[in-house]
2 protein chains.
Amino acid sequence: MVTNQIREILKDKNLKITPQRVSILETVFSLKNHPNAQQIIDAVHKKNPNISVGTIYKTLDTFVENGVISKVRHTDETSRYDWRTDNHHHLYVEDDNQIVDYINDELNLLLEDFFRRNRIPGFEIKSVKVHINGNYIQE
Amino acid sequence: MVTNQIREILKDKNLKITPQRVSILETVFSLKNHPNAQQIIDAVHKKNPNISVGTIYKTLDTFVENGVISKVRHTDETSRYDWRTDNHHHLYVEDDNQIVDYINDELNLLLEDFFRRNRIPGFEIKSVKVHINGNYIQE
DNA sequence: TTATCAGTTAGGAATAGTTACTATATAATA
DNA sequence: TATTATATAGTAACTATTCCTAACTGATAA
């Protein structure tokens, strides 16, 4: 990804083009496979050691907010506990940060069948969980 | 859930039955809807203010390890970023804490069709993500 | 019932990841 | 080029969780 393309992307989103943002976005694109913040920080600092950690966090947030990149995990980050230990799925209610059980046998069968037909080479599946993100609507 | 049932559960798992464990497990069962640690701590402290926070964390871990309860989130807890913003899914490789993209149009169609046929009353779905948990096997 | 001991707990210190703060700097604009 | 709103550096603060250790206790077996 060339610097000019990066600048385009920022411009399209009406984000001010700063050297820090360009560098951080370049880095995220260059890193494969879902880096965490620390990995991004390290990689950015290799090229520009003077970009501050706070800026990197803030910039990543800005990018996520504007759909330039995404976060693998959308809901809040504290661990949640679940008294159910059977195979079930979850609704992630974005507005109020709630998690609701979603139990549906047809969905389980559907997934079971799909992954039986579509084995992932060399990968042993332990469980498959569907995350349904959205919101309750009041009409 | 009666205290005796709680004691049964702990006994089945060969866990020492302590007042702290009984109280914490009772609390988790009594709280609906995926409490986080803080909510559990607060609820436990309402009845037993002298159970220490460290104990509660440790006990919850023990319960999860022994399959008494589960954690909604299994992989590591730091945020991961993703340069892809299109609809795709993830393999969660447990052994080495890696996240790998899983892109499959058939799966997307399957899910789209399923949720079109199975609307969730009052809930507007924004996105559906499949989390495939497991490990790579070397043969 | 009591003695033993491995496992558990309380309480506080330490840590890691992230966010907040603020004075200074700078990109976009007119 | 001057203006202004926004972004940045550097650091302090915060939050969730883990670590540490001396004291304690449930389970077991005599």
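This is a predicted model: local features need pLDDT of at least 70, side-chain atom pairs count only at pLDDT 80 or more; totals for chains, interfaces and linings use all residues.
Chain A is divided into domain 1 (3–65) and domain 2 (89–134). The C-alpha centres of these two domains of chain A lie 32 Å apart.

The contact between the protein chains involves 68 residues from chain A and 67 residues from chain B. About 6200 Å² is buried between chain B and chain A, and carbon and sulfur atoms give 56% of this area. Two salt bridges are found across the interface of chain B and chain A. In one salt bridge, the side chain of B:E106 meets that of A:R117, with an N to O distance of 3.1 Å. Polar contacts between chain B and chain A amount to 17 residue pairs, with both residues at pLDDT 80 or more. Elements of chain B that each supply at least two residues to the side touching chain A include α3 (37–47), α5 (105–117) and β5 (123–136). The most is given by β5(B), with 14 residues. By class, the side of chain B that touches chain A has 32 nonpolar, 20 polar and 15 charged residues.

DNA strand C is surrounded by 17 residues, and the closest are A:Y57, B:T18, B:Q20, B:R21 and B:T55. The surface near DNA strand C consists of nine polar, five nonpolar and three charged residues. In chain B, α2 (19–30) and α4 (53–65) each supply at least two residues of this surface. Of the atoms of DNA strand C within 4 Å of the protein, 81% belong to sugar or phosphate, the rest to bases. For B:Q20, a polar side-chain atom lies 2.8 Å from a sugar or linking oxygen of DNA strand C.

Conventions
Residues are numbered from 1 along each chain as its sequence is written. Chains are lettered from A and ligands numbered from 1 in the order in which they are written. Side-chain values use heavy atoms; hydrogens and water are left out. A residue is near a molecule or strand if one of its heavy atoms lies within 4 Å of it. A polar contact is a pair of N or O atoms within 3.5 Å; within protein, one must be able to donate a hydrogen and the other to accept it, and residues adjacent in sequence count only if both atoms are side-chain atoms. Helices (H or I, at least four residues) and strands (E, at least two) are DSSP runs, numbered from the N terminus. Ala, Val, Leu, Ile, Met, Phe, Trp, Tyr, Cys and Pro count as nonpolar, Asp, Glu, Lys and Arg as charged, and the others, Gly among them, as polar. Domain bounds come from an automatic or database domain assignment. Contact means heavy atoms within 4.5 Å. Buried area is the accessible area (1.4 Å probe) that two parts lose on being put together, summed over both. A salt bridge is a side-chain nitrogen of Lys or Arg within 4 Å of a carboxyl oxygen of Asp or Glu.
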